[in-house]
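Thanks for coming, everyone. I'll take you through one structure today, step by step. Please have a look at it first.

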Amino acid sequence: MRPKVAIVGVGPGGPAQVTPAAREALRSSEMVVSWDLNLGPVRELVAGKQIWLQRPADYRDVAARAARAAFATGAATAVVRIGDPTVSGGLDNLLELYAGAEVRVVPGISSVQAAAAVAGIELHRAVVFSFHDEDRRNAEERDFLLEAHRRGRHLVVLVGPSMRPADLAQFLMENGTDPATPAVVGSRLTLPEERVDRCTLAEMALREYDWLSVVVV
Ligand SMILES: C[S@@+](CC[C@H](N)C(=O)[O-])C[C@H]1O[C@@H](n2cnc3c(N)ncnc32)[C@H](O)[C@@H]1O
């Protein structure tokens, strides 16, 4: 069967950031595939549906089994992504997994936009980096960070275990960036626990932040 599959961005966490289009895509789905965290702002919309919950230990397996079930039954399927699916959301893998289905991507508000908004920068003058996943290309990405900064672009960085805000600050300073360079760290943006730290690289290098953070330099 050729199932209808919506890859749905639900925004950075606050219920007010879920778009009407995302709500509609979830309402009209029969089956939902998601990490628990991603369901936060839309939990009541998916109540009663068949939910495939992904966890760190089994997320690939759950994704593959859910896709097989969608093709076998033709169930209208919503794959939920935090923020926007086109930003560090595993979109390439999903499009491969659902090749042959009737797929549409429902954009969401990204944490990148939320961070750009609190920092007051224009995204077309920035380069977006993601260190969320352990990736073989991380060394290449680090070189590109320096190049983008040298060329006067803002850096918008989704941090991860291999690149926390302190690591980023340290890396930029070790490679010649002025320690007084201003930065903004947005943590848990749009959630009730939201924190925004306006600091310098030197200060950022000494601070700990929530893992759910975006840095703008
Ligand atoms: C797997 S990526 C997903 C990005 C997502 N697709 C987006 O558009 O925001 C997860 C990373 O997004 C960032 N992130 C997601 N939600 C956030 C929030 N509410 N506040 C700050 N950073 C957030 C963090 O850097 C986190 O490590």
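How far apart are the centres of domain 1 and domain 2, taken over C-alpha atoms? The answer is 27 Å. Keep in mind that this is a predicted model.

Let me set out those two parts. Domain 1 covers residues 4–106, and domain 2 covers residues 111–216. Where they meet, domain 1 puts in eight residues and domain 2 puts in 11 residues. Look at the side of domain 1 that touches domain 2. Six of its residues are polar, two are nonpolar, and no charged residue is there.

Now the overall picture. The protein chain has nine helices and 10 strands. Its C-alpha trace spans about 60 × 35 × 30 Å along the principal axes. For 217 residues, a compact globule would have a radius of gyration near 17 Å. The protein chain comes out at 19 Å, which agrees. Of its 217 residues, 38% count as buried. Next, take the contacts with a separation of 6 or more. Residues 24 or more positions apart account for 71% of them.

On to the ligand. Where does it lie? Both domain 1 and domain 2 give residues to the shell around the ligand, so it lies between them. The shell holds 25 residues. The closest are Pro12, Gly83, Val87, Ser110 and Ser111. By type, the shell divides into 12 polar, 10 nonpolar and three charged residues. Three elements, α6, β8 and β10, each supply at least two residues of the shell.

Let's go inside. The largest nonpolar core has 30 residues. Among those with the most contacts inside it are Ala115, Val156, Val157 and Ala183. Val214, Val215 and Val216 are on that list too. Which elements build this core? At least two residues each come from α6 (111–119), β6 (126–130), β7 (154–158), α8 (165–174), β8 (182–187), α9 (201–204) and β10 (213–216). The largest share, five residues, comes from α6.

Stay with α6 for a moment. Its buried residues are Ser111, Val112, Ala114, Ala115, Ala116 and Ala119. They pack against four strands: β6, β7, β8 and β10. As a reminder, an α-helix has 3.6 residues a turn, so residues three or four places apart point the same way.

What does Val157 touch, leaving out residues up to four places away in sequence? The list is Phe129, Phe131, Leu168, Val214 and Val215.

There is also a second, separate core. This one has 26 residues, including Ala6, Val10, Ala25 and Val32.

Val32 brings us to Val46. Val46 sits in helix α3, residues 43–46. Beyond residues up to four places away in sequence, Val46 touches Leu26, Val32, Leu39 and Ile51. Is Val46 buried or partly exposed? Val46 counts as partly exposed, because 18 C-beta neighbours lie inside 10 Å, and a residue needs 20 or more to be buried. For a sense of distance, compare Val46 with Asp61. They are 15 residues apart along the chain, and their C-alpha atoms are separated by 21 Å.

Two loop residues deserve a stop. The first stop is Ser88, in the loop between β4 (77–81) and α5 (91–97). Its phi is near 50°, a positive value in a residue other than glycine. Ser88 is buried, because 21 other C-beta atoms lie within 10 Å.

The next stop is Thr190, in the loop between β8 and β9 (195–200). Thr190 is not glycine either, and its phi is positive, near 70°. Is Thr190 buried or exposed? Thr190 has 20 C-beta neighbours inside 10 Å, so it counts as buried.

One more loop residue, and then we're done. Ser162 lies between β7 and α8. With 13 C-beta neighbours inside 10 Å, Ser162 counts as partly exposed. How far is Ser162 from Ala76, C-alpha to C-alpha? They are 37 Å apart in space, and 86 residues apart in sequence.

To wrap up, go back to the ligand on your screens. It lies between domain 1 and domain 2, and α6 supplies at least two residues of its shell. Thanks, I'll take questions.

Methods: Residues numbered from 1 in each chain as written. Predicted model: local features only at pLDDT ≥ 70, side-chain atom pairs only at ≥ 80, totals over all residues. Rg over C-alpha atoms; globule rule 2.2 N^0.38 Å. Buried ≥ 20, exposed ≤ 12 C-beta atoms within 10 Å, placed from the backbone. Contact = placed C-beta atoms within 7 Å. Core = buried A, V, L, I, M, F, W, Y, C linked by C-beta atoms within 7 Å. Near = placed C-beta within 6 Å. Nonpolar A, V, L, I, M, F, W, Y, C, P; charged D, E, K, R; others polar. Domains from an automatic or database assignment.
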